[in-house]
Amino acid sequence: MGLFDFLKPTAPPTPAPAAPAEAAEPYLGDLAKTNELYHLVAVPKPERDEAWDAAFLANVSAASFRCGSPQIIQGPDGFPYFQLFLPEPGVGFQCYVIERMKDDFLLERGLGVVINPTPAGPDWVLSYGDIVNFALNQEFYTTEETPFSKELSDELIEGEEQVMVGQPNETLLPQATRNVLREYLQNNGIATPKIVLLMRHRTNGAGISQDLVFNITPHDFGNETLYRSVMQQIGWFLPRHYSFVGMHEEALPDSFLPL
């Protein structure tokens, strides 16, 4: 759960997403889950524990929300978030439901979601990567063991390693997410962003692991600090259990393909 103060809302650089009324079917949320969220957010933040977190996440995807004005704000991390608020009792509202929003525009537009943002902090913050994980796995955070390693750096292939390479498929990296990542990297100076899925078997006892590898190195930026910042921010676009690294294309000849 992320809790942080939001900057003054800023207008999105591109037009706001289409309203649910313009979708094929109107949004209809689960009012029982909405009611449960009312009870949960009434709990003072210092008293919220893991059980509170679990209950919130169990209800938030199907609950009914209203949007903020503007719909999209920029968080202090620099990324765009769609504002959602619980409906006001007795007041009509246009319904928004996260499990519908993800396919209608969140994935395509590269948006996270912030729930009930206030000057004292929001009730919850979902990164774009959290939305991706929900779209792929029907949960915002994956806690079970996965093949991904814990690397977050520029990498070298060690001589004693056995490696296989491929491309991440739709069940690992949806096309919409590839598009969003490509635009982000191009905006940060990578003219032709490329990716490969690297699977490695290390003889040091670490076993088999996998990483997403981007054709990014400090040389592309001429500034180590900027490179590290871009690499760290890539994590916002990916599920939190994913691992990713930067590597020279020459390290894996003919394996990198454009995002």
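This is a predicted model: local features need pLDDT of at least 70, side-chain atom pairs count only at pLDDT 80 or more; totals for chains, interfaces and linings use all residues.

Modeller: Residues are numbered from 1 along each chain as its sequence is written, and side-chain values use heavy atoms, with hydrogens and water left out.

Colleague: How many helices and strands are in the protein chain?

Modeller: The protein chain has six helices and nine strands. These are DSSP runs numbered from the N terminus (helices are H or I with at least four residues, strands are E with at least two).

Colleague: What share of the residues is buried?

Modeller: Of the 259 residues in the protein chain, 46% are buried; buried means under 20% relative accessible area, exposed over 50% and partly exposed in between, with a 1.4 Å probe and protein chains only.

Colleague: And what share of contacts links residues 24 or more positions apart?

Modeller: Among contacts in the protein chain with a separation of 6 or more, such pairs account for 71%. Contact means heavy atoms within 4.5 Å.

Colleague: On to packing. How do the axes of helix 1 and helix 2 cross?

Modeller: The axes of helix 1 (residues 31-41) and helix 2 (residues 50-60) come within 9 Å and cross at roughly 150°. Axes are lines fitted to C-alpha atoms, for helices over the stretch in contact, and angles run from 0 to 180 degrees between N-to-C directions.

Colleague: What about helix 5 and helix 6?

Modeller: Helix 5 (residues 175-187) packs against helix 6 (residues 224-234) at about 165°, and their axes are 12 Å apart. Helix 5 is thus roughly antiparallel to helix 6. In this pair, L181, Y184 and L185 of helix 5 meet V230, Q233 and I234 of helix 6.

Colleague: Changing topic, how many disulfides are there?

Modeller: A search of the whole structure finds zero, a disulfide being a pair of cysteine sulfur atoms within 2.5 Å.

Colleague: Are C67 and C95 buried or partly exposed?

Modeller: C67 is partly exposed, at 23% relative accessible area, whereas C95 counts as buried at 13%.

How values were computed:
Angles under 35 degrees count as roughly parallel, over 145 as roughly antiparallel, 65 to 115 as roughly perpendicular and the rest as oblique.
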